[in-house]
Amino acid sequence: MNKPSEEREFVAAPAPNENVIAEKPPRARVADAVDPDEAGPAQPRQRDYLEGFLAAKSAETGPGGAGSDLQAAVVDALKEIYDPEIPVNIYDLGLIYGVEVDDEADATVTMTLTTPHCPVAETMPGEVELRAASVPGIRDAEVILTFEPPWSPEKMSDEARLELGML
């Protein structure tokens, strides 16, 4: 019933009590290397493999997009808005969850407040929208106010924590 181990086809690893002899692959030896004199004339080393890559211009995708100058300008404008109760700007405070600028130069700012009952709940989103819309190059701005996930002190930047003496 049992076949000798030479005739078996193993699907899984053999059992520990079975002797399976596998040949090791041959090792590379220096003598196996190609002699440069026998290989023909030496080819000069090419170092222009990055030339086309470095010379290529990035595709123009429009004024907006992640990492664009326009998005950075909106973020800089938002860093000028300070929370009236805390001497830290709203961006470093972690109230801004996202800044997106699309290809038509429309800005969308997703933000929260420290609490839903924040005293500036009625005025802060409007100020953020006006400040984002005032950035040169921005066509329109929209603010999306959300409380999910809720704001917590962990969302603050290290600069804000240092300013508030939390570091």
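Biologist: Which residue forms a salt bridge with D106?
Modeller: R139 does, and the closest N and O atoms of the two are 2.5 Å apart. Keep in mind that this is a predicted model.

Biologist: Where do D106 and R139 lie?
Modeller: D106 is in strand β2, residues 106-111, while R139 is in the loop between α3 and β3 (140-145). They are 33 residues apart in sequence, so the pair ties together separate parts of the chain.

Biologist: Is D106 buried or exposed?
Modeller: D106 counts as buried, because its relative accessibility is 16% and the cut-off for buried is under 20%.

Biologist: And R139, buried or exposed?
Modeller: R139 counts as exposed, at 58% relative accessibility.

Biologist: How many salt bridges does the count come to?
Modeller: Three. Another one joins the side chains of E80 and R131, at 3.3 Å from N to O. E80 lies in the loop between α2 (69-78) and β1, and R131 in helix α3 (residues 124-133), so this pair ties together parts that are 51 residues apart in sequence.

Biologist: What are the relative accessible areas there, starting with E80?
Modeller: E80 has 53%, so E80 is exposed. R131 has 24%, so R131 is partly exposed.

Biologist: Which other residue meets R131 in a salt bridge?
Modeller: E127, with 3.9 Å from N to O between the side chains. Both residues lie in helix α3, four residues apart, which is about one turn of the helix. E127 is partly exposed, with a relative accessible area of 35%. Through shared partners, salt bridges join E80, E127 and R131 into one network.

Biologist: Changing topic. Which residues gather in a patch of negative charge on the surface?
Modeller: E100, D102, D103 and E104. E100 belongs to strand β1, residues 96-101, and is exposed, with a relative accessible area of 56%.

Biologist: Now the whole chain. How many helices and strands are there?
Modeller: Four helices and three strands. Along the sequence they follow the pattern α-α-β-β-α-β-α.

Biologist: What share of the residues counts as buried?
Modeller: 25% of the 167 residues. The chain exposes about 12800 Å², and carbon and sulfur atoms supply 53% of that area.

Biologist: One last thing: what share of the contacts with a separation of 6 or more comes from residues 24 or more positions apart?
Modeller: Such residues account for 58% of those contacts.

Note on methods. Residues numbered from 1 in each chain as written. Predicted model: local features only at pLDDT ≥ 70, side-chain atom pairs only at ≥ 80, totals over all residues. Heavy atoms only, no water. Patch = residues over 30% accessible without salt bridge, like charges linked within 9 Å, V, L, I, M, F, W, Y side chains within 5 Å. Areas by Shrake-Rupley, 256 points an atom, 1.4 Å probe, with all protein chains shown as cover. Salt bridge = Lys/Arg side-chain N within 4 Å of Asp/Glu carboxyl O. Lys, Arg positive; Asp, Glu negative; His and termini not counted. Charge placed at Lys NZ, Arg CZ, Asp CG, Glu CD. Helix = DSSP H or I, 4+ residues; strand = E, 2+ residues; numbered from the N terminus. Buried < 20%, exposed > 50% of the residue type's maximum accessible area, 1.4 Å probe, protein only. Contact = heavy atoms within 4.5 Å.
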